Amino acid sequence: MKQIRIIDVPPGEAPASIRGAWVGLVLPLAETAYSQPVVSITVGVLGKHRSVLARLKRLLGAAPMEERPSIGYIVNVIDAIEVLRASSPSAAAWWECHTPHLLAPGRRFSFAAHCCQELKEAGAVVPV
């Protein structure tokens, strides 16, 4: 299974201290075709921009910069939160409290590619 190491604070709506808790963690990539960074349209984790109008604006390119297509690595939310819990239980608790809609099978995080370092399956670093 391919993995990534978070090497910089990822962008997003969560407080900086919560996003910073990801730095240094090794996360498994989602078990799908997402073994490479992919271009995706991401939305904020706090649910502020999930309406039909907000989705239409993203598709038309009229959304705020943080909601436009980005390049990132896809990780299962549940797997990521479990790794985070081992390192920072308080950060994991923040996600559980503020984003319960994400804590379901099949939900995914996209970590910005510039914040990640690919790891080979055996743990060796692959330059990005």
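A search of the whole structure, which is a predicted model, returned zero disulfides. Cys116 accordingly takes part in no disulfide, and the nearest cysteine sulfur, that of Cys115, lies 6.1 Å away, whereas a disulfide would require a pair of cysteine sulfur atoms within 2.5 Å. The surroundings of the cysteines were also examined. Cys116 has a relative accessibility of 1% and therefore counts as buried, because the cut-off for that class is under 20%. Cys97, by contrast, has a relative accessible area of 57% and is therefore classed as exposed, since the exposed class begins over 50%.

With regard to overall architecture, the secondary structure of the chain consists of four helices and six strands, and these elements follow one another along the sequence in the pattern β-α-β-β-α-β-α-α-β-β. The chain has 128 residues, of which 35% count as buried. When contacts between residues at least 6 apart in sequence are considered, 73% of them join residues at least 24 apart.

The mean pLDDT of the chain is 81, and 68% of its residues reach 70 or more. Confidence is highest in helix H3 (residues 77–87), with a mean of 97, and lowest in helix H2 (residues 52–60), where the mean is 56. Where pLDDT is low, the predicted coordinates should not be read in detail.

On the H3 side, the contact is made by Ile81, Leu84, Arg85 and Ser87, which meet Pro89, Ala91, Ala92, Trp95 and Glu96 of H4. Classified by residue type, this contact of H3 with H4 contains six nonpolar, one polar and two charged residues.

Asn76 was examined as an individual site. This residue is found in strand E4, which spans residues 69–76, and at 18% relative accessibility Asn76 counts as buried, because the value falls under the 20% limit for that class. The side chain of Asn76 is joined to that of Asp79 by a polar contact of 3.3 Å. When residues up to four places away in sequence are not counted, Asn76 touches Ala30, Glu31, Arg107 and Arg108.

Key
Residues numbered from 1 in each chain as written. Predicted model: local features only at pLDDT ≥ 70, side-chain atom pairs only at ≥ 80, totals over all residues. Heavy atoms only, no water. Buried < 20%, exposed > 50% of the residue type's maximum accessible area, 1.4 Å probe, protein only. Helix = DSSP H or I, 4+ residues; strand = E, 2+ residues; numbered from the N terminus. Polar contact = N/O pair within 3.5 Å; in protein donor to acceptor, adjacent residues only side chain to side chain. Contact = heavy atoms within 4.5 Å. pLDDT = per-residue confidence, 0-100. Nonpolar A, V, L, I, M, F, W, Y, C, P; charged D, E, K, R; others polar.
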